[in-house]
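Reader: Can you walk me through this one? I'm new to it.

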Amino acid sequence: MDEMIEKRKAATVLIAAVIVSLALGVGLTKVGSGFATRSSDGIIVIGSAKVDAKADKAVWTLSIQNNGRTPASAVTGIDSGINAVQKYLVDGGIKSDQLTLGAISSYPTEEYINGNPTGRILNYRASREITVRTKDVQLVSKLSQNIGSLLQQGVNVSNYGPQYYVSTLNKIRPELLSQATKDAKDRAAAMTKAVGGKVGSITSVKAGPIQVTTPDSTMTSDYGMYDTSSIDKTVTATVTVTFKSN
């Protein structure tokens, strides 16, 4: 009986050892794949680089709406609203040639009862957009934050919020890709050195999409991201580099 119990214990220990061994193997494989991938072509490493940037172009669209009993009265109210917005912008420092007026749109508001149209027109709604395009991003930010003064005057204006852009991305991108490639090489060298190997020559480089985000953001997109909500931005580039393994 004692001999049978000992055999069972030995078998249990052996099975446990196999399970632990497999678990460690899987764990190491997963950890390794977080840094690089080994393939028949060599070692594949992802490198990255980022730089802080400031927007140097702003596009800000405002929409003026008005309701009227007739199409004519709705449009008349739009004209006074547009004049008030233009005055606010120009008095605030925006040049008149930096303003673009859109077309006036007008449509009827139908009456519905229990989800069904009655055929009766309640009123008419008109709207028109005015767009600011300027390089003075700080001025646009200031005017956007104080747009409430127009609402206090009774102007029915919708503020969609300014959009801020970096016009120098074409100049930033090549340097970032160069730094990202160097980062990939440094990572590959560190990993291969740890196991007594050396990094070979580069066999292929594939650039990933540029990510333009708010500072300290962790958001990314497979197709690239371009956040336009903030003046301060972080531009990030990634590259996938394949090295020969020696």
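Author: What follows is a short tour, from the whole chain down to single residues.
Author: This is a predicted model, where local features need pLDDT of at least 70, side-chain atom pairs count only at pLDDT 80 or more, and totals for chains, interfaces and linings use all residues. Residues are numbered from 1 along each chain as its sequence is written, and side-chain values use heavy atoms, with hydrogens and water left out.

Reader: How many helices and strands does the chain have?
Author: The chain has five helices and 12 strands. Helices (H or I, at least four residues) and strands (E, at least two) are DSSP runs, numbered from the N terminus.

Reader: What share of the residues is buried?
Author: Buried residues are 31% of the 246 in the chain. Buried means under 20% relative accessible area, exposed over 50%, and partly exposed in between (1.4 Å probe, protein chains only).

Reader: Let's go inside. Which residues touch the most other members of the largest nonpolar core?
Author: Trp60, Leu62, Val85, Leu89, Ile94, Ile130 and Leu150 do, in a core of 27 residues. Strand S3 (57-68), helix H2 (71-92), strand S6 (116-134) and helix H3 (137-145) each supply at least two residues of this core. H2 gives the most, with seven residues. A nonpolar core is a set of buried Ala, Val, Leu, Ile, Met, Phe, Trp, Tyr and Cys residues joined through side-chain atoms within 4.5 Å.

Reader: What does Val85 contact?
Author: Leaving aside neighbours within four places in sequence, Val85 is in contact with Leu62, Ile64, Ile130, Leu150, Val155 and Val157. Another core, of 19 residues, lies apart from the largest one and has Leu177, Ala184, Ile210 and Val235 among its members.

Reader: Which residues of H3 are buried?
Author: Val137, Leu139, Val140, Ser141, Leu143 and Ser144. Their cover includes S3, H2, S6, strand S7 (157-159) and strand S8 (163-165).

Reader: S6 keeps coming up. How does S3 pair with S6?
Author: S3 and S6 are antiparallel, with 11 bridges. Trp60 has Val132 of S6 as its bridge partner. Two strands pair if DSSP finds at least two bridges between them.

Reader: How many bridges join S4 to S6, and S5 to S6?
Author: Strand S4 (residues 99-101) has three bridges to S6 and runs antiparallel to it. Leu101 stands opposite Ile130 there. Strand S5 (residues 105-113) pairs with S6 over eight bridges, again antiparallel. In that pairing, Tyr107 stands opposite Arg125.

Reader: Where is Thr61, and what does it touch?
Author: Thr61 is in S3. Its relative accessible area is 19%, so Thr61 counts as buried. Not counting residues up to four places away in sequence, Thr61 touches Glu129, Ile130, Thr131, Ser158 and Tyr160. Its side chain makes a polar contact of 3.3 Å with that of Thr131. A polar contact is a pair of N or O atoms within 3.5 Å; within protein, one must be able to donate a hydrogen and the other to accept it, and residues adjacent in sequence count only if both atoms are side-chain atoms.

Reader: What do the buried residues of H5 pack against?
Author: Strand S2 (42-54), strand S9 (199-207), strand S10 (211-213), strand S11 (225-226) and S12. The buried residues of H5 include Leu169, Leu176 and Asp183.

Reader: Last one. Is Asn114 buried or exposed?
Author: Asn114 counts as exposed because its relative accessibility is 77%. Asn114 lies in the loop between S5 and S6, and its phi is positive, near 55 degrees.

Technical notes: Contact = heavy atoms within 4.5 Å.
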